[in-house]
Amino acid sequence: MAGVPAPGAAAAAAPTAPGERLGLRSDWDYALHLPLHYVDETRVTPIAELRESRVAVVQARVLQAELMTARRRVLRVVVEDDSARLELRFFHFYPSWTRQYAAGRALRIRGEPRRGLFGFEMVHPVCHALGPDAPLPDRLTPVYPSAAGVSQAWLRKAVAAALRRLDAREWLPQTLLARLQLPPLGQALQLLHAPPPDVEIEQLEDRRHPAWRRVKFDELLAQQLAQQLARARRAEQRAWPLPARDGGVAQRLLRTLPFALTPDQAACVAEIGVDLQREQPMHRLLQGDVGSGKTVVAALAAAQAIDSGMQCALMAPTDILAAQHLRRLAEWLQPLGVGVAWLRGGQSRREREAEMARAASGEASLVVGTHAVIQDKVQFARLGLAVVDEQHRFGVAQRLSLRAKGAGEQRQPHLLMMTATPIPRTLAMAVFGDLDISTIAHAPPGRQPVRTRVFSEQRRDSVMHRVRELVLAGRQAYWVCPLIEPAADSPPGPKAQPELRDALATHAELQALLGEHGDCVGLLHGRMPAARKAEVMAAFAAGELRLLVATTVIEVGVDVPTASLMVIEHAERFGLSQLHQLRGRVGRGHDAAQCLLLFSEPLSATARARLRAMHDTGDGFVLAQKDLELRGPGELLGQRQSGLQGLRHADLRDDADLLELARGAAAELLREQPQAARAHLQRWLGGGMDWLAA
Ligand code: ADP
Ligand code: MG
């Protein structure tokens, strides 16, 4: 019959097991594969009472079936019950179906009624050859998230089987559940997969129903338990205490800096200073908007470590950023007698070995670099502090391996992570519950707000001329070409090229436009050798280059205070935090700064909202909050950020209250019923959570 294939049929036909295709393996995976929608098949609706677009079940007899081949082949079946007639239309069908819909046949039909020329019709309804006496289901029918080739019928059967086998023993104490007004887990799962007809479907589909809250709570609880256990484990670890020293490098650096710390910076320095004196390893995130001045805070932390006779390693995600840190930190610290080493990819072997030797001997107290710093061969004489800049660009494993560099005598280095992606409080709690956080909320004084304007790509020419005028008048500008992400499944290579081609073409265009001044237009992209990139950046920083055409390699950290104009092409392709990071490259000096966003149609609603937000505010926290609303936490934290990919059910936009409850409950459970806590964690860890690693 049309519609539902025999359960199990898909399993036999499919090349890979259907469950695998959805990532479902254990019974828990199936039990937690929760429906998106429900269909009420528990009641039969008379045809006369159908309502437009409201999916319904009718019980009717076939009046006639005919194959029409006018413009398109259509199988048209007219059915009727005691109240009215209904037309069914099938565009994809087998010839044998005409026989199956022989006149007089009793059918149970489920579909979405649409108003046609002669009353209601349904396109591709699901039909069963069932008489009016056949029993109706007594539960709502779940509709699951699925993938090509995995039928709903197969999923329903597989989930039901998993639920029968499942060990859904209740691990959480009755008192806790009663207090939070949450149902027992087994009951909640049963309800979600097979709700009784009187339940409010809306509450289920909006995920507000107590059964949904129970599942989300359990997920958040597992995550909070994992974090609190990690924190407890950390408290057992040892680090070398690094007390501040009178007259040391830190104090002298403070005196020689060309500026005074802002109160926020001073507070962060103090918080870090206290952590460093402890015998437990510091595990702190320093967050502050782009340009808020995190580097100097890191430099002062490094100085305190160096004053205790220990080394500091600083790791940054890109060559450009590492080179900039090197330049700035060397400028600040070398005059105070601090030895600095540099490790990066693409260094000549001799150079690298020399730098590594200085790290291993302890001659260099500060080692700055890219990922090269965490390679196995790199050794430190006495690593006391590890600093990771733009930490969200690194994976968990990379952050941890830097820490492992100091494991001599069972002591770990202190860890300071920095990020310019400000994180809303709820998110910080969920992802970094295991972390202490210091925040620089206000940028140093004297900053000019960046004026942001949005233009259609059609006005690109006039924007180019405007940029030309400003550059000729002595301003320095960035022109950013979009990063086109190659599709995840396509091989790297040709697909990654458009980015480069855009940058190259734009570079040539702008050079031509500037005529005799064409020499002051530079080009920077990710495929240039590191040394060449460093040269270009240095020339731009020195003002020899006035206009820098770049890909998003300049996105993080680049600091050239004299640059005051930023153009971003195809701004609609960038994420909000990326746009904010890019814009943060200007407005660092004393000149009034501008950011011009060029977009091309068509603009999606989200892209429009992003550009609007960029236009309306320069506040990174406001933008981060907006980003969270627009795109969800995964995007905000970037692909590499582990910890949130694991959250499948809870949504931090809606479930902040549950997160607070889970946090409290986790502490209580670990204290009072550690067995239950572990059982709960075990259950969820089986589902592929990787939070423990963070
Ligand atoms: P980010 O937080 O984005 O890493 P940086 O550390 O690169 O910011 O600082 C941005 C700019 O602000 C740098 O040029 C830095 O020297 C300058 N800066 C930092 N702190 C202060 C301050 N207290 N007063 C004036 N300028 C400062
Ligand atoms: Mg920085």
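Author: Buried means under 20% relative accessible area, exposed over 50%, and partly exposed in between. Arg-588, with a relative accessible area of 14%, is therefore buried. The model is predicted.

Arg-588 has a charged partner. Its salt bridge is with Asp-559, and the closest N and O atoms are 2.6 Å apart. Asp-559 sits in the loop between strand S22 (547-550) and strand S23 (563-568). Arg-588 sits in the loop between helix H20 (576-583) and strand S24 (593-599). The pair therefore ties together parts that are 29 residues apart in sequence.

Now take a buried arginine without such a partner. Arg-344 is buried, yet has no salt bridge. Its nearest side chain of opposite charge is Glu-351, 4.5 Å away. A salt bridge needs the nitrogen and the carboxyl oxygen within 4 Å. Arg-344 lies in the loop between strand S13 (340-343) and helix H14 (349-361). Leaving out residues up to four places away in sequence, Arg-344 touches Asp-319, Arg-352, Thr-370, Ala-372 and Ala-530.

Helix H13 covers residues 319-333 and helix H19 covers residues 530-541. Their axes come within 10 Å and cross at roughly 55°. That makes H13 oblique to H19. The crossing is right-handed. On the H13 side, the contact is made by Asp-319, Ile-320 and Arg-327. On the H19 side, Ala-530, Lys-533, Met-537 and Ala-541 take part.

Arg-532 pairs with Glu-535, with the closest N and O atoms 2.9 Å apart. The two are three residues apart in helix H19, so about one helical turn separates them. Arg-532 is partly exposed, at 41% relative accessibility. Glu-535 is partly exposed too, with a relative accessible area of 49%.

One more pair lies elsewhere. Asp-206 forms a salt bridge with Arg-208, the closest N and O atoms being 3.1 Å apart. Asp-206 counts as partly exposed at 44% relative accessibility. Arg-208 counts as partly exposed at 43%.

Last, the wider setting. The whole structure holds 36 salt bridges. The protein chain has 694 residues, and 53% of them count as buried. Its secondary structure comes to 25 helices and 24 strands.

How values were computed: Residues are numbered from 1 along each chain as its sequence is written. Chains are lettered from A and ligands numbered from 1 in the order in which they are written. This is a predicted model: local features need pLDDT of at least 70, side-chain atom pairs count only at pLDDT 80 or more; totals for chains, interfaces and linings use all residues. Side-chain values use heavy atoms; hydrogens and water are left out. Helices (H or I, at least four residues) and strands (E, at least two) are DSSP runs, numbered from the N terminus. Buried means under 20% relative accessible area, exposed over 50%, partly exposed in between (1.4 Å probe, protein chains only). Lys and Arg count as positive and Asp and Glu as negative; His and the chain ends are not counted. Contact means heavy atoms within 4.5 Å. Axes are lines fitted to C-alpha atoms, for helices over the stretch in contact, and angles run from 0 to 180 degrees between N-to-C directions. Angles under 35 degrees count as roughly parallel, over 145 as roughly antiparallel, 65 to 115 as roughly perpendicular and the rest as oblique. A crossing is left-handed if the near helix is turned anticlockwise from the far one by less than a right angle, and right-handed if clockwise.
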